[in-house]
Amino acid sequence: PDQHGFDVLAAIRREPEGRDMKVVVLSNLSEDRDKERAKQLGVLQYLVKANNSLPEIVEAVRAVLKTA
């Protein structure tokens, strides 16, 4: 609660071991600016909780994990 998720991700991306980490975001934020910020931070999938069922979320995570 003390930090926004995007701030945490930016800090992770600054670390050598975090630069190539695969990231999927599951959020309640649905505005284009939020999706764009995630894209700038290298997020592979941005899912809005209200717009995705559990099976859709699982499939999105599996798809990201399959990428090498």
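D2 lies in the segment before helix α1. D2 is exposed, with a relative accessible area of 79%; exposed means over 50% relative accessible area, buried under 20%, and partly exposed in between, with a 1.4 Å probe and protein chains only. D2 and E56 are 54 residues apart in sequence, and their C-alpha atoms are 30 Å apart in space.

This is a predicted model, in which local features need pLDDT of at least 70, side-chain atom pairs count only at pLDDT 80 or more, and totals for chains, interfaces and linings use all residues. Residues are numbered from 1 along each chain as its sequence is written, and side-chain values use heavy atoms, with hydrogens and water left out.

**The chain as a whole**

The protein chain has three helices and two strands, in the order α-β-α-β-α from the N terminus on. Helices (H or I, at least four residues) and strands (E, at least two) are DSSP runs, numbered from the N terminus. The C-alpha atoms fill a box of roughly 30 × 30 × 20 Å, taken along the principal axes. Of the 68 residues, 26% count as buried. Among the contacts with a separation of 6 or more, 34% join residues 24 or more positions apart; contact means heavy atoms within 4.5 Å. The chain exposes about 5200 Å², and carbon and sulfur atoms supply 52% of this area. Accessible areas come from the Shrake-Rupley method with a 1.4 Å probe, and for residues only the protein chains shown count as cover.

**Helix α1**

Helix α1 spans residues 5–14, and its residues F6, L9, A10 and R13 are buried. They cover an arc of only 105° around the axis, which puts them on the same side of α1. The arc is that of the directions from the helix axis to the C-beta atoms. The buried residues of α1 pack against α2 (32–40) and β2 (45–48).

I12 also lies in helix α1. With a relative accessibility of 31%, I12 counts as partly exposed. Together with V8 and M21, I12 makes a nonpolar surface patch of about 210 Å². Patches are made of residues with over 30% relative accessible area and no salt bridge; like charges are joined within 9 Å, and nonpolar side chains (Val, Leu, Ile, Met, Phe, Trp, Tyr) within 5 Å.

**The strands**

In a regular strand the side chains alternate between the two faces of the sheet. β1 pairs with β2 in the parallel sense over four bridges; two strands pair if DSSP finds at least two bridges between them. The bridge partner of L26 in β2 is L47.

**Salt bridges**

A salt bridge is a side-chain nitrogen of Lys or Arg within 4 Å of a carboxyl oxygen of Asp or Glu. By this rule the count comes to two salt bridges.

| Salt bridge | N to O distance |
|---|---|
| D7 and R37 | 3.2 Å |
| E31 and R33 | 3.7 Å |

The side chains of D7 and R37 meet in one of these salt bridges. D7 lies in helix α1 and R37 in helix α2, so the pair ties together parts that are 30 residues apart in sequence. D7 is partly exposed, with a relative accessible area of 35%, and R37 is partly exposed, also at 35%. In the other pair, E31 counts as partly exposed at 44% relative accessibility, whereas R33 counts as exposed at 61%.
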